[in-house]
Amino acid sequence: MIVVPIGASGQRLVFTSAVIEHFEKYQQLRWWQREAGGQLFARLALPEILIEEATGPRPTDWRTRNTYRPNRTAEQLEIANRFSRDLHFIGDWHTHPERVPAPSRTDIASMREMVRKSAHHFNGFVLAIVGTDPLPRSLYVSVVSGSDMFPLSATKPIQ
């Protein structure tokens, strides 16, 4: 697991081992690998937000070496399916072909738009970007609201 404190709130994002394994499966470690991504789903066990599932990539997503565009219709079906199992959509993840990733302007604008256009009860959504270095060093995590972005720092993995 990787634990990410959420500022001074006392809450923590907990990326489960299954989610970390999913991220590692799609890291762009070779020059020919395309960006991958999907959605993040969590159980709310406050103060912990247990991220139990990462979806994607899907065959219908558009992927290149430096671009990932998800199939939004497929994403809506994923959200409905997981909500019935008490898993809440809390954000998106994708890969970057860089050792320690940073969000692009497109990443930030897309997340802000998603927060503004979505019906939800959260202050923002989680953006996770997976780079090529070993995790958690290459895991970029932030909470994105409709107008602001709050980068977070991952702590060492818990065995």
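**A guided reading of the chain**

Guide: Read along the sequence, the elements of the chain follow the order β-β-α-β-β-β-β-α-β-α-β-β-β. Helices (H or I, at least four residues) and strands (E, at least two) are DSSP runs, numbered from the N terminus. The model is predicted: local features need pLDDT of at least 70 and side-chain atom pairs count only at pLDDT 80 or more, while totals for chains, interfaces and linings use all residues. Residues are numbered from 1 along each chain as its sequence is written, and side-chain values use heavy atoms, with hydrogens and water left out.

Visitor: What radius of gyration does the chain have, and what would a compact globule have?

Guide: The radius is taken over C-alpha atoms, and the globule rule is 2.2 Å times the number of residues to the power 0.38. The C-alpha trace spans about 40 × 35 × 30 Å along its principal axes. For 159 residues a compact globule would have a radius of gyration near 15 Å, which agrees with the chain's 14 Å.

Visitor: What percentage of the residues in the chain is buried?

Guide: Buried means under 20% relative accessible area, exposed over 50%, and partly exposed in between (1.4 Å probe, protein chains only). Of the 159 residues in the chain, the buried ones make up 48%.

Visitor: Among contacts between residues at least 6 apart in sequence, what percentage joins residues at least 24 apart?

Guide: A contact means heavy atoms within 4.5 Å. Of the contacts between residues at least 6 apart in sequence, those joining residues at least 24 apart make up 63%.

Visitor: Which residues of helix H1 are buried, and which exposed residues does the opposite face carry?

Guide: In helix H1, residues 17-26, the buried residues are Val-19, Ile-20, His-22 and Phe-23. They lie on the same side of H1 because they cover an arc of only 160 degrees around the axis, an arc taken from the directions from the helix axis to the C-beta atoms. An α-helix has 3.6 residues a turn, so residues three or four places apart point the same way. The face of H1 turned away from the buried side carries the exposed residues Glu-21 and Lys-25.

Visitor: Where is Pro-47 found?

Guide: The peptide bond from Leu-46 to Pro-47 is cis, with omega near 15 degrees. Pro-47 lies in the loop between strand S3 (37-45) and strand S4 (48-54).

Visitor: Is Pro-136 buried or exposed?

Guide: Pro-136 is in the loop between strand S8 (125-130) and strand S9 (139-144). A cis peptide bond joins Leu-135 and Pro-136, with omega about 10 degrees. The relative accessible area of Pro-136 is 17%, so Pro-136 is buried.

Visitor: What is the value of phi for Asp-86?

Guide: Asp-86 lies in the loop between helix H2 (72-83) and strand S7 (88-95). Asp-86 counts as partly exposed because its relative accessibility is 46%. Its phi is positive, in a residue other than glycine, and lies near 65 degrees.

Visitor: Which residues does Arg-43 touch, not counting residues up to four places away in sequence?

Guide: Arg-43 lies in strand S3. At 30% relative accessibility, Arg-43 counts as partly exposed. Residues up to four places away in sequence not being counted, Arg-43 touches Glu-48, Ile-49, Leu-50, Glu-52, Arg-85, Asp-86 and Leu-87.

Visitor: What separates the C-alpha atoms of Arg-116 and Gly-146?

Guide: Arg-116 is in helix H3, residues 105-117. Its relative accessibility is 55%, so Arg-116 counts as exposed. Arg-116 and Gly-146 are 30 residues apart along the chain, and their C-alpha atoms are separated by 5.3 Å.

Visitor: What separates the C-alpha atoms of Met-1 and Gln-76?

Guide: Met-1 lies in the segment before strand S1 (2-5). With a relative accessible area of 37%, Met-1 is partly exposed. Met-1 and Gln-76 are 75 residues apart along the chain, and the separation of their C-alpha atoms is 27 Å.
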